[in-house]
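Please take a look at the model before going on.

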Amino acid sequence: MNGLDRFMEFLLAGVFLCTGLGKIFSYNRKAKDSKIGESSGPMGLPYRWTALIGLAETAASLALIAAVGRHPS
């Protein structure tokens, strides 16, 4: 594995981490006069599903970083 491969793996892990954390912390508060029980996020999903996807992306980034760290140089 050359240096460019390792750099691209870290870059991909960084993208996963940023998008995952962005989804977790992009909570839109429920409007007081809303008839719907939950607010929906930018993808039209309820917040708990968006946060679950964000957690999965964050876990994927950490797993990718752990896997890259194990490769011999």
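Leu 4, Phe 7, Met 8, Leu 11 and Val 15 make a nonpolar surface patch of about 500 Å². Such patches are made of residues with over 30% relative accessible area and no salt bridge, with like charges joined within 9 Å and nonpolar side chains (Val, Leu, Ile, Met, Phe, Trp, Tyr) within 5 Å. A salt bridge is a side-chain nitrogen of Lys or Arg within 4 Å of a carboxyl oxygen of Asp or Glu, and accessible areas come from the Shrake-Rupley method with a 1.4 Å probe, where for residues only the protein chains shown count as cover.

This is a predicted model, in which local features need pLDDT of at least 70 and side-chain atom pairs count only at pLDDT 80 or more, while totals for chains, interfaces and linings use all residues. Residues are numbered from 1 along each chain as its sequence is written, and side-chain values use heavy atoms, with hydrogens and water left out.

**The chain overall**
- The protein chain has two helices and zero strands; helices (H or I, at least four residues) and strands (E, at least two) are DSSP runs, numbered from the N terminus.
- Of the 73 residues in the protein chain, 15% are buried, where buried means under 20% relative accessible area, exposed over 50%, and partly exposed in between (1.4 Å probe, protein chains only).
- The accessible surface of the protein chain is about 5,500 Å², and carbon and sulfur atoms account for 68% of that.
- Among contacts (heavy atoms within 4.5 Å) between residues at least 6 apart in sequence, 62% join residues at least 24 apart.

**Helix 1**
- Leu 4 lies in helix 1 (residues 3-24) and counts as exposed because its relative accessibility is 58%.
- Ala 13, Gly 20 and Ile 24 are buried in helix 1.
- Seen down the axis of helix 1, its buried residues fall within an arc of 40°, so they line one face; the arc is that of the directions from the helix axis to the C-beta atoms.
- On the face turned away from the buried side of helix 1 sit the exposed residues Gly 3, Leu 4 and Cys 18.

- Helix 2 is included in what covers the buried residues of helix 1.
- Ala 51, in helix 2 (residues 47-70), counts as buried because its relative accessibility is 12%.
- The C-alpha atoms of Ala 51 and Ile 24 are separated by 4.6 Å, although these residues are 27 residues apart along the chain.
- Thr 58 is also in helix 2 and is buried, with a relative accessible area of 13%.
- Not counting residues up to four places away in sequence, Thr 58 touches Phe 16, Leu 17, Gly 20, Leu 21 and Ile 24.
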